[in-house]
2 protein chains.
Amino acid sequence: MSDLSKIREHVEANSGRFVDLLKEACSIPSVSTEGNGFDTMSDWLQTRLERLGASVQRLNVPGSPDALLGVIPGRGPRTLMIYDHYDVQPVDPIDLWISPPFEPTERDGRVYARGAADNKGDLIARLCALETYADLFGELPFTLKFFIEGEEESGSANFENICHTFAEELRSDDCVWEGGWFDHDGRPQMFYGCKGLLYAELTAKKLSGDQHSSIAVYAPSAAWELLRAVASLKDANGRVAIDGFYDDIVEPGAAELDLVRKIPFNEEATKKHLSIDRFVNDLTGEQLKRDLLYTPTCNIAGFTTGYGVPGAAKTVLPAEAMAKLDFRLVPDQSAEDIGKKLQLHLEKHGFDDVKLEVLSGENPSRSSVDTPLGRAAESVAKEWFQHPLTVYPLMYATGPMHPIAQGLGIPICSPPGVGRPDSNLHAPNENARIADYLDIIGYTTAYLDEYGRQ
Amino acid sequence: MSDLSKIREHVEANSGRFVDLLKEACSIPSVSTEGNGFDTMSDWLQTRLERLGASVQRLNVPGSPDALLGVIPGRGPRTLMIYDHYDVQPVDPIDLWISPPFEPTERDGRVYARGAADNKGDLIARLCALETYADLFGELPFTLKFFIEGEEESGSANFENICHTFAEELRSDDCVWEGGWFDHDGRPQMFYGCKGLLYAELTAKKLSGDQHSSIAVYAPSAAWELLRAVASLKDANGRVAIDGFYDDIVEPGAAELDLVRKIPFNEEATKKHLSIDRFVNDLTGEQLKRDLLYTPTCNIAGFTTGYGVPGAAKTVLPAEAMAKLDFRLVPDQSAEDIGKKLQLHLEKHGFDDVKLEVLSGENPSRSSVDTPLGRAAESVAKEWFQHPLTVYPLMYATGPMHPIAQGLGIPICSPPGVGRPDSNLHAPNENARIADYLDIIGYTTAYLDEYGRQ
């Protein structure tokens, strides 16, 4: 391991410039759902990458903003990919922002701006780490491929296509993913994979329009049909009752379970926060943590039909009903396959008037928890951070890891990044602590160096 | 039967004055849900009743606007009650009214005003019929009790208490109910009873607030609990699965079934109107009509939880869920009893976090279909109206008949009144056809006379 204090000193000496660079990046609006700022942002990034000695290729597929691939040559045969995204979430509700979202502002030791944490904070920290590495150590001991997409916040609709189309250009040995974060207790978090997601909208329509409920004797009810259809998706024990739902699940290995055992989980504090007395199925201990990572869910994200004013009595037979379901999937379930099985379930049980539309699907992703990158990021984290590291073999949220990890066969590790629970990701007043940002620049420099030594 | 043409001529001769009286009544706002106009309206009615020779008593119970009881003495031992209500529905959405709701306006042979049909049209027609009777025939051949409440449109919350408190004053042999109406084909309708209604709001709350759905593994779901609770209320065949739900049902008698057989029901036109291929359970023929009147329902009037924007994918674990259920009840089910059985069902099946609130309850009502009043109203209707009469032993909607028919033991008959399918009851541009209004004045005069002859 290199001299960490030397890295700290260098980052400290350049901190003003590094923070200015983050602010400059965050001053460019690049909201992917609104389709603006793509060119300004990708041009700016291309310039930054080129200053680091990268040759930059714009990866273009029809209907998608350009992704950037900046290749910095280095010594040795190994290639490391860094994945980030240059787009950000929308800013609404705009009136809750204390300072304008695209006018980065320092307050209380933080930079407030849309993207300050997710994901420009990590992205720019990594650019600064590459500069720091060059200043301190010179040429990289591996080839670096900086891969930056522009559609992550709108669902990475073209990401799989981009990865497939440019598979040769993207070939790498390991992939650094968008950063992990610090938990409530200040512990840095690291991930090797993620759950998948199938988001399904079910609708039923039975009548030409809402009717007086007195004719419910003979007029069919969309509300009842959809309610029964959704109810049929789970058995009395809460297990998903779709045929074959659990078929493709691969049990976690010993190394993954060993990591699960070490994850801290404060059950009492969590119950208190949620105002509950017990967890589902009285889950506790190792089983709770294992299920959180390795058990798929079928969640009702919404169900809407008929009259909804609390306390008021309106009798109506609704003509239509809509349910929204999200299934969190685990390796090796596939979103497409589960969507098909859901459709078959509806047909098999005779819910002919229930229409299924899949609104989004991302496959779960699993990477080896024993890779050169993972070992480097873990070992440096233990030295670098004040608090102990938590390593999740799988994160229980979802990201577009699958096209990289499974599609291209590049194992992923997501080392700690700049986010905190109060960074307001996807919310007004997004922010990053300046101390965290500088810390991550230094930490990244150190694990890049350590990766070169593996 | 008296000379009907004599009655028609008298009504025709006084038509201008009769229509003015309806307009005067409809110019007084008396919206019960807004609690206004009660005194102005009841004072106006008291004056009208006193001019007809009635002694008027104001029936007052705490928390309720006065009901009026106007007693007009007559020959003979028999007493006939007429029930109506002087309150009207709210006027919203006000901007859809072509002329202001409380400025009665004639257009296309109709009076447009809130209450023109429901129920001031019937009420004023009956006042005019009493005047016509006096002019043509003199003293009534029975005592008449005109009973007018002020809370029907807000659920008759105090009606049972009023009937109970003033049982002695209200004692009568028969009761004329708020009028029936003309159907799409112009056929006059008549009713002897009605279904009951239990309106229940079920709510579930599980968490301190909405959560990211990734924690659905361990955080309980209000949406799932409430959905399963509602689903448990019916079995696979659509029968209500609440213990004892069907226990108190009294099968209709031969005379009632005979009336059911004669009810016209155009199945093909109804299916076409609803855009359906088949009725629930493939109901058809006699069974369809019988079930419409004599089978209770459990209808989902609303179900609301989580995210509801069509086509958009938001993953959320909702903290709360709400369902609205309306049960249409049949004799001798009771709203209170079914409410208790529903509560027991939820407890028995372990839905401990589902809270039940009964928002309203009205008991079904059944009266003999062979009474002096019914015979008078039916026989005159057959002579008076151009189209054949349809007699429903029970109407499949709900009204507060139970406190009169069962509470006081006074058999009810609801002879044809001024409403039509296009009268826009409870909607903007409520109206009554002037020809119908005058027709009902004459018809009422004739059946009062015929009742006196029974």
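Residues are numbered from 1 along each chain as its sequence is written, and chains are lettered from A in the order in which they are written. Because the model is predicted, local features need pLDDT of at least 70 and side-chain atom pairs count only at pLDDT 80 or more, while totals for chains, interfaces and linings use all residues; side-chain values use heavy atoms, with hydrogens and water left out.

**View 1. The relation between chain A and chain B.** Chain B is superposed on chain A by a rotation of 179° with 0.1 Å of shift along its axis, and the RMSD is 0.1 Å, where the superposition is by least squares on the C-alpha atoms of residues with pLDDT of at least 70 in both copies. That is the relation of a two-fold axis. Of the residues of chain B, T304(B) comes closest to this rotation axis, its C-alpha lying at 2.4 Å. The copies meet through the same surface, since 100% of the interface residues of chain B are also interface residues in chain A.

View 2. Leaving out residues up to four places away in sequence, V111(A) touches several residues, among them V19(A), L22(A), P104(A), E430(A), A432(A) and I434(A), contact being defined by heavy atoms within 4.5 Å. A432(A) is 321 residues from V111(A) in sequence, yet their C-alpha atoms are 5.5 Å apart in space. In the loop between β4 and β5 of chain A lies D108(A), a residue other than glycine whose phi has a positive value near 50°; D108(A) counts as exposed, because its relative accessibility is 69%.

View 3. At the N-terminal end, N266(A) caps the helix, with a side-chain oxygen 3.3 Å from the backbone nitrogen of E268(A). Just after α9(A), S275(A) takes a positive phi of about 60°, and in the loop between α9 and α10 of chain A, D282(A) also has a positive phi, near 55°.

**View 4. The packing of α2 and α14 in chain B.** Helix α2 (residues 15–26) and helix α14 (residues 434–453) of chain B pack at an angle of about 105°, with their axes 11 Å apart; axes are lines fitted to C-alpha atoms, for helices over the stretch in contact, and angles run from 0 to 180 degrees between N-to-C directions. That makes α2(B) roughly perpendicular to α14(B), the term used for angles of 65 to 115 degrees. From α2(B), the contact is made by S15(B), F18(B), V19(B) and L22(B), and from α14(B) by I434(B), Y437(B), L438(B) and I441(B).

**View 5. The polar contact of S64(A) with E151(A).** S64(A) is placed in the loop between β1 (55–59) and β2 (67–72) of chain A and counts as buried because its relative accessibility is 11%. The side chains of S64(A) and E151(A) make a polar contact of 3.4 Å, that is, a pair of N or O atoms within 3.5 Å, of which, within protein, one must be able to donate a hydrogen and the other to accept it, residues adjacent in sequence counting only if both atoms are side-chain atoms. Neighbours within four places in sequence aside, S64(A) is in contact with E151(A), N158(A) and I162(A).

**View 6. Two cis peptide bonds in chain A.** The peptide bond from D92(A) to P93(A) is cis, with omega near -5°, and P93(A) lies in the loop between β3 (79–85) and β4 (105–107) of chain A. A cis peptide bond also joins P331(A) and D332(A), with omega about -5°; D332(A) lies in the loop between β12 (320–329) and α11 (335–348) of chain A.

Key:
Helix = DSSP H or I, 4+ residues; strand = E, 2+ residues; numbered from the N terminus. Parallel < 35°, antiparallel > 145°, perpendicular 65-115°, else oblique. Buried < 20%, exposed > 50% of the residue type's maximum accessible area, 1.4 Å probe, protein only.
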